Structures are given as C-alpha cells and as structure tokens.
Amino acid sequence: MATTLRSFIDVAPESHFPLENLPFGVFKPAHGAPRVGVAIGESILDLSVLEEQGRFRFPEFQDRKIFATSALNEFLSLGRPAWRRARTVIQDLLAAENGELRDNATMRAHAFHAQHDVTMQLPARIGDYTDFYSSFHHAHNVGTMLRGPENALMPNWKWLPVGYHGRSSSIVVSGNDVRRPQGQIKPPDAEVPIFGATRSFDYELEVAFLMGPGNALGEPVTIDRAEEHIFGMVLMNDWSARDVQAWEYQPLGPFLAKNFCTSISPWVVTLEALEPFRRPLPPQDPEPLPYMRAPNDCTYDIHLEAQLQISSMDAPHVITRTNFQHLYWSVAQQLAHHTVGGCNLRPGDLLASGTISGPTDDSRGCMLELTWRGANPLRLPNGETRKWLEDGDTLAITGWAQADGFRVGFGEVTGRVQPAFTPGQTP
Ligand code: MN
C-alpha cells in the first residue's frame, strides 16, 4: 500500500479525510454563498478561493467559475484529465513540505473552514437517478422471502443489472430528517387496501456514483470507457416503505415505496482516491454478454456499516457490517448496461448500487433482511427491539477503505425518522 502522505493540516489516523482522499463537496459557510471545497482532516479547503487566485488555469476551465458555485455539475462535465489536474494542485498545496499556504496565515484564514462551522449541501444538481439491484445476497434473500429459495432469483438477474428509474427531486443531503410516508397498504388478510402511514419503514445501505461528462443520446458508453464517466461515489440510504412496496410493485417496480426521500452523504470520494482499493471483480457465472465484459473491470474494498440509534440509547449501535465487494455487478457494467440502448446520462446523474448485503446474517443491508420481514426482531444493547424503524430513530450509514496507516472514508449519511404528515401541521 502507498506510503502515507502528510499534510500540514493535522489528520488523525482514523480520520476519513487524509491527504490521500480529498473528497469534493458543496458547503455553505456561516457568512457567504455556497461553494465547492475538499475535506482535509476536520477542515475544508475552499476551492473558490484557490480559483480566485488563478490556481486552476487549465484549458478545460476556460475562464469559467467552476468552484465559486453551488453545485459540482460544471466540474463534473470537465472529465477525468481536468479532475486529475485539480486534484494534483490541491494535493501539492496541502502537502506538509509546501510552504505556500502553510506559511501564509492570512491566506489560511481565508481558505480554510472548520467542518463543524458550515452547512453541507447536496454535492450536485442531480438530474436523473437510477437505483440498481446489484447485490446477489440482497436479491437472493428478498427473492427467498417472496418466492422461496428455489425461485429466489428471477431468470434475468444474472444476465443484466436489474434497476429502476428513481426520483431525483426527493434526494436530500445527510442530516435531513425523513418523514414517515403514507400510502396504500394491503394487509395480507384484508380484501382491500387501506390508506395510512407505513408500518414497515426501512433503510437500504447503498453506494451511489456520480456521473461525469455523460454521453449523447443514442451513443452508448462502452464498458472500457465507463470509468472516464464516473467522477466518484457517495453513501446512500434508500429509505423504503415495505408494506407500500409489497402492494404496488407489480408489474412495474417500486413507486411510492421509494420516491418520498433518499439521503446521500455530502462528500464525493473520487475514483482517484479509491484507486489503491481496486480489487478483481468476483467471478460471474454465466459470463456476461460481450457489452458488459472488460478485462480490467473491478470492484473496491470498502467497509460499510449501518448504525441505529433509538431515543433510549446513548450511542449508535452497528446493525449492518458489509463491504462494497459483495456487489455482483460492477459500476462499469451498470453504466454500460444503462446506456447500451442509447440512454444519455448527464453530469450530476446518480446511479446507485441497490442494497449491499453480504453472505452473513450481520451483513444484511436493510431491516427487511435483518429481521426477515419482521419475524426475527433486532435486539438492541439496551434490551429494546425493532422490527422496523420507528419515529425518532436515527439511522446512519458510514464507510471507509482501510489502508496501512490511513483510511479513505466517506463520512456518513444520517437521518432521523419523523412522524407521518398530519393535515394542518406546520411544514
Ligand atoms: Mn434501493
């Protein structure tokens, strides 16, 4: 593993944001407009300040304001060579041996913010959002519950990355509460559906990738070029209403069970930062069709956790421990498949993995699987139990790739469950 890089900014060994990471995000300082920054330790380096100083005079930037803006979309549209050049500038400037910023107190005061002093925003204007279903263990567990172990996987599952087109308008950044949704629910023993708040409110532990330049309508992105289009990744919680889903999902898939809210983490970890954690893609049988085959296709070794804290607990409790490597389909395969029919993707589009479950009981990435549809409630350290999420519960997802001496982390995506909407209440 690469030797640890050193910054003049203090970075603890367990920090998610060492000099090797440098994730991009959009933040709003206490005074001033939103702008783009990178996380380093517990600080943020304000890239709009560096831009103002002319440190990003690359041909792709032309004279545009790429970082003095409230979304990453312009930057995303520039492509990998520009992303790499910007990363190199930032990494050099933050290095321990570089005195330019380190020894200039005025500039440091201007360019750095403490993370606890700012408000993080969505990293991009997300135009379109797609959610895949790429974890074998998740698909197999859910299929077993619905159809039994013999018919757990539908015949198409190992031939193509199953997905659905989601709703981008309800994607929120970490820290926002989530309101318990209402909808149609048909209890198993009832003749007709009822209307009401979901009684089986769930989370889904996922990782999503943010699109770079994208492709023209009608021109697929080939799998060997897929990585040129992927800027980086975030953690995602695809909040779900299982009872609503069970009644509505056939024949066209999830709708109101998913479209009420989806939360993502604010820092986008780039593929450059994840490079040391590339791993061979696990074997696929049957061999995918040629448009989804690439010799160097890969997965990433990223540890992922979901933590539940209910109001009677002093600290969060880890309920899922899983890994990105448990995904069957790679991000490149997802992207190649998404566009092979000619669908165009645009900068800022978000493509998510689907719930990431592993082979063991504690690596299941949602309550549906952990409690086996409520049959085996989770037992929490203080003796309380949960079949599903209840009002006031906080669910956080975190994740990091561990190297020798440092970790490349994602921070977290967290949200608290609020009671269902009642008419007349103030918004
Ligand atoms: Mn999902």
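Across the interface of domain 1 and domain 2, 2 salt bridges are found, a salt bridge being a side-chain nitrogen of Lys or Arg within 4 Å of a carboxyl oxygen of Asp or Glu. This is a predicted model, in which local features need pLDDT of at least 70 and side-chain atom pairs count only at pLDDT 80 or more, while totals for chains, interfaces and linings use all residues. Residues are numbered from 1 along each chain as its sequence is written, and side-chain values use heavy atoms, with hydrogens and water left out.

**The two domains**

Let's start with the overall layout. Domain 1 covers 24-120 and domain 2 covers 140-418, with bounds that come from an automatic or database domain assignment. Their C-alpha centres lie 30 Å apart. To the contact (heavy atoms within 4.5 Å), domain 1 gives 17 residues and domain 2 gives 19 residues. About 1,500 Å² is buried between domain 1 and domain 2, and carbon and sulfur atoms give 66% of that area. Buried area here is the accessible area (1.4 Å probe) that two parts lose on being put together, summed over both.

Arg-80 forms a salt bridge with Glu-272, with the closest N and O atoms 2.6 Å apart. On the side of domain 1 that touches domain 2, β1 (24-28), β2 (35-40), α2 (73-78) and α3 (80-94) each supply at least two residues. Helices (H or I, at least four residues) and strands (E, at least two) are DSSP runs, numbered from the N terminus.

The structure holds 22 salt bridges in total. Side chains of opposite charge can pair when their charged atoms come close. Glu-100 and Arg-55 meet in one of these salt bridges, at 3.0 Å from N to O. Glu-100 lies in helix α4 (residues 99-102) and Arg-55 in the loop between α1 (47-52) and α2, so the pair ties together parts that are 45 residues apart in sequence.

There are also 20 aromatic pairs. Rings of Phe, Tyr and Trp (its six-membered ring) pair if their centres lie within 6.5 Å; planes under 30 degrees apart count as stacked, over 60 as edge-to-face and the rest as tilted. Phe-24 and Phe-75 form a tilted pair, 5.0 Å centre to centre with 35° between the planes. Because Phe-24 lies in strand β1 and Phe-75 in helix α2, this pair ties together parts that are 51 residues apart in sequence.

| Residues joined | Omega |
|---|---|
| Gln-250 and Pro-251 | about 5° |
| Asp-285 and Pro-286 | about 10° |

Pro-251 sits in the loop between α7 (242-248) and β16 (262-264), and Pro-286 in the loop between β18 (278-280) and β19 (298-300).
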